[in-house]
Amino acid sequence: MPFANFKVPEKTLTPKQKEEIVTRTTELYVEIYGERARNNTMVLVEEVADGGWGIAGNVLTLAMLGEATPTDTNDA
């Protein structure tokens, strides 16, 4: 079963954007493995709490990066 796991900073994607990640990732696996992969492809989008991630040994936060949260988090 094809499996993809995306870890993203919490509250940086709308439900619509998460849906797009799932859809496009599934389509990519289908493109590679053929149609048989569609019904077995699992895509997991995990939100990591602010400050729960880092790069090069440094803990990062959205405030440090100047990132804004999505404006419409109810968009499904």
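Where in the chain is the place of threonine 41? Threonine 41 sits in the loop between helix 1 (15-33) and strand 2 (42-48), where helices (H or I, at least four residues) and strands (E, at least two) are DSSP runs numbered from the N terminus. This is a predicted model, in which local features need pLDDT of at least 70 and side-chain atom pairs count only at pLDDT 80 or more, while totals for chains, interfaces and linings use all residues. Residues are numbered from 1 along each chain as its sequence is written, and side-chain values use heavy atoms, with hydrogens and water left out.

**View 1. The chain as a whole.** The chain holds 2 helices and 4 strands, and from the N terminus on its elements follow the order β-α-β-β-β-α. Of its 76 residues, 21% count as buried, a term that means under 20% relative accessible area, with exposed set at over 50% and partly exposed in between (1.4 Å probe, protein chains only). Among the contacts in the chain with a separation of 6 or more, 68% come from residues 24 or more positions apart, a contact being heavy atoms within 4.5 Å.

**View 2. The surroundings of threonine 41.** Threonine 41 counts as buried because its relative accessibility is 15%. A polar atom of its side chain lies 2.7 Å from the backbone oxygen of alanine 37. Leaving aside neighbours within four places in sequence, threonine 41 is in contact with Pro2, Thr26 and Tyr29.

View 3. Rings of Phe, Tyr and Trp (its six-membered ring) pair if their centres lie within 6.5 Å, and planes under 30 degrees apart count as stacked, over 60 as edge-to-face and the rest as tilted. By this rule the count comes to 1 aromatic pair. Tyrosine 29 and tyrosine 33 form this stacked pair, with 6.1 Å centre to centre and 25 degrees between the planes. Tyrosine 29 counts as buried at 18% relative accessibility, whereas tyrosine 33, at 42%, counts as partly exposed.

**View 4. Two loop residues with positive phi.** Lysine 11, in the loop between strand 1 (3-9) and helix 1, has a phi near 65 degrees, a positive value in a residue other than glycine. At 53% relative accessibility, lysine 11 counts as exposed. Alanine 56 belongs to the loop between strand 3 (53-55) and strand 4 (58-60), and its phi, near 55 degrees, is likewise positive in a residue other than glycine. Alanine 56 is exposed, its relative accessible area being 72%.

Definitions and conventions. A polar contact is a pair of N or O atoms within 3.5 Å; within protein, one must be able to donate a hydrogen and the other to accept it, and residues adjacent in sequence count only if both atoms are side-chain atoms.
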